[in-house]
Amino acid sequence: MEVYIVGICIAVCGNFLISISLNIQKYTHVRQSQRGTKPYYTSRLWWCGILLMGLGELGNFAAYGFAPASLIAPLGSVSVIASAVISVVFLKETLRASDILGGALALTGTYFLVTFAPHSSPHVTANMVERSLVSWTFLIYFMFEMILFAILMYLYKCRNIKHIVIMMILVALLASVTVISVKAVSGMITETIRGSHLQLTYPIFYIMFIIMVISCAFQIKFLNEAMKMFDATEIVPINYVFFTASAVAAGILFYEEFYGLSLIHGIMFVIGCLLAFTGVFLIARARPRIKMDRVFISMSQIPGKSGTDKVQSQSDDSKYGALASKLTCTSGIQQDEP
């Protein structure tokens with residue numbers, strides 16, 4: 001089996017686990033909110049969701065060690081599709097025509113991405129990462145990112161401009177750094193496990209690990225701020241588009257993943273991205289609220305489950321969207337109970 005296929009399989013399985021996890025957490029959040037009982041973090045079901053989230057994100061992390069970043073990042077659409085299906089089947093959300101069309105477009109786009117994306121990239125070693133960090137291409141790109149980040153931070157903090165595009169670009173700029181560092185750390189660990197050369201003795205490994213942790217932390221911070229100000233249905237598609245674009249840019253400029261790729265493959269890859277983007281927009285657009293009374297009735301029919309709990313009015317908080325939780329961060333953001 002080709003190495004990149006291993007990365008694809010791990011990423012797909014990881015994203016599927018994340019979609020299950022987020023729907024479990026979504027159900028737990030809304031149930032606890034309506035019942036007015038103990039906090040959601042006291043629920044064993046919620047912790048099961050967290051465990052699945054950790055396994056899924058670990059899979060995504062490992063996938064970067066086997067396949068190019070520009071191939072792994074767009075596979076986040078798998079989680080969007082799976083979350084929509086799970087929400088319809090288990091959480092009793094309404095299946096809309098836009099969900100079917102969006103799912104078909106996202107699946108078609110994902111097929112194009114897997115088929116025409118670069119299937120190989122240079123082996124990620126400590127020496128390779130060090131050379132890429134001081135290359136003129138990356139330095140110019142990083143300088144541009146820093147300037148743009150500073151301008152947007154000025155608009156956001158000093159001018160108090162709270163526009164969703166500004167927020168999502170800030171997140172995407174951080175995501176670009178996250179993808180670079182995640183692939184560097186994952187790649188060096190993979191090379192060490194393969195036994196080709198011990199990479200963990202190089203200082204650059206720990207530097208990239210620290211950069212990965214810091215960039216993820218700030219990414220989560222800005223995403224949580226965005227979730228407080230904007231609806232989940234706005235954040236999901238915009239963040240997916242910006243994150244994918246930033247990951248592809250990182251793969252091209254830092255890891256030279258598109259080097260030697262034919263023009264027709266490049267065009268088909270772009271078409272695949274556009275189809276996946278459109279599909280995600282259609283799936284995430286104006287998601288209907290969950291009819292929790294039907295969910296509780298369904299859950300009460302499970303052997304051993306009691307159906308005597310009184311169902312109250314539905315929560316109006318739109319931040320319980322499972323799709324938002326995934327695509328707002330590659331490391332998995334939890335939505336806090338209001």
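This passage describes the fold, the surface and selected residues of a single protein chain in a predicted model. Because the model is predicted, local features are reported at pLDDT of at least 70 and side-chain atom pairs at pLDDT 80 or more, whereas totals for chains, interfaces and linings use all residues. Residues are numbered from 1 along each chain as its sequence is written, and side-chain values use heavy atoms, with hydrogens and water left out.

The protein chain contains 13 helices and zero strands. Both kinds of element are DSSP runs numbered from the N terminus, with helices being H or I runs of at least four residues and strands being E runs of at least two. Read from the N terminus, the order of elements is α-α-α-α-α-α-α-α-α-α-α-α-α. Of the 338 residues in the chain, 49% are buried; buried denotes under 20% relative accessible area, exposed over 50%, and partly exposed the range in between (1.4 Å probe, protein chains only). Contacts are defined by heavy atoms within 4.5 Å. Among contacts between residues at least 6 apart in sequence, 84% join residues at least 24 apart. The chain exposes about 15,800 Å², of which carbon and sulfur atoms supply 70%; accessible areas come from the Shrake-Rupley method with a 1.4 Å probe, and for residues only the protein chains shown count as cover.

Helix α11 comprises the 22 residues 263-284. Its end C-alpha atoms are 32 Å apart, in agreement with the 32 Å that should be spanned at 1.5 Å a residue, where the expected span is 1.5 Å times one less than the number of residues. Buried positions in α11 include Gly266, Met268, Phe269, Gly272 and Cys273. Further along the helix, Ala276, Phe277, Gly279, Val280, Leu282, Ile283 and Ala284 are also among the buried residues.

Ser186 is located in helix α8, which covers residues 164-194. Its relative accessibility is 3%, so Ser186 counts as buried. When neighbours within four places in sequence are left aside, Ser186 is in contact with Phe61, Ala62, Tyr64 and Gly65. With Gly65, a polar atom of the Ser186 side chain lies 3.1 Å from the backbone nitrogen.

Two salt bridges are found in a search of the whole structure, a salt bridge being a side-chain nitrogen of Lys or Arg within 4 Å of a carboxyl oxygen of Asp or Glu. In general, side chains of opposite charge can pair when their charged atoms come close. Arg96 is buried at 17% relative accessible area, and Asp99 is buried at 7% relative accessibility. Another joins the side chains of Glu225 and Lys221, also with an N to O distance of 2.7 Å. Glu225 and Lys221 are four residues apart in helix α9 and are therefore separated by about one helical turn. Glu225 is buried, with a relative accessible area of 17%, whereas Lys221 is partly exposed, with 36%.

Helix α9, residues 203-229, also holds Val213, which is partly exposed at 42% relative accessibility. Val213 contributes to a nonpolar surface patch of about 450 Å², together with Phe209, Ile210, Ile214 and Phe218. Patches are made of residues with over 30% relative accessible area and no salt bridge, like charges being joined within 9 Å and nonpolar side chains (Val, Leu, Ile, Met, Phe, Trp, Tyr) within 5 Å.

Thr94 belongs to the loop between α4 (77-89) and α5 (97-116) and is partly exposed at 39% relative accessibility. The C-alpha atoms of Thr94 and Ala84 are 9.8 Å apart, for a sequence separation of 10 residues. Asn160, in the loop between α7 (136-158) and α8, has a phi near 55 degrees, a positive value in a residue other than glycine. Asn160 counts as exposed, at 51% relative accessibility. A positive phi, near 50 degrees, is also found for Glu256, which is placed in the loop between α10 (232-253) and α11.

Phe142 lies in helix α7 and is partly exposed, with a relative accessible area of 32%. Phe142 and Leu253 are 111 residues apart in sequence, while their C-alpha atoms are 9.9 Å apart in space.

Definitions and conventions:
Polar contact = N/O pair within 3.5 Å; in protein donor to acceptor, adjacent residues only side chain to side chain.
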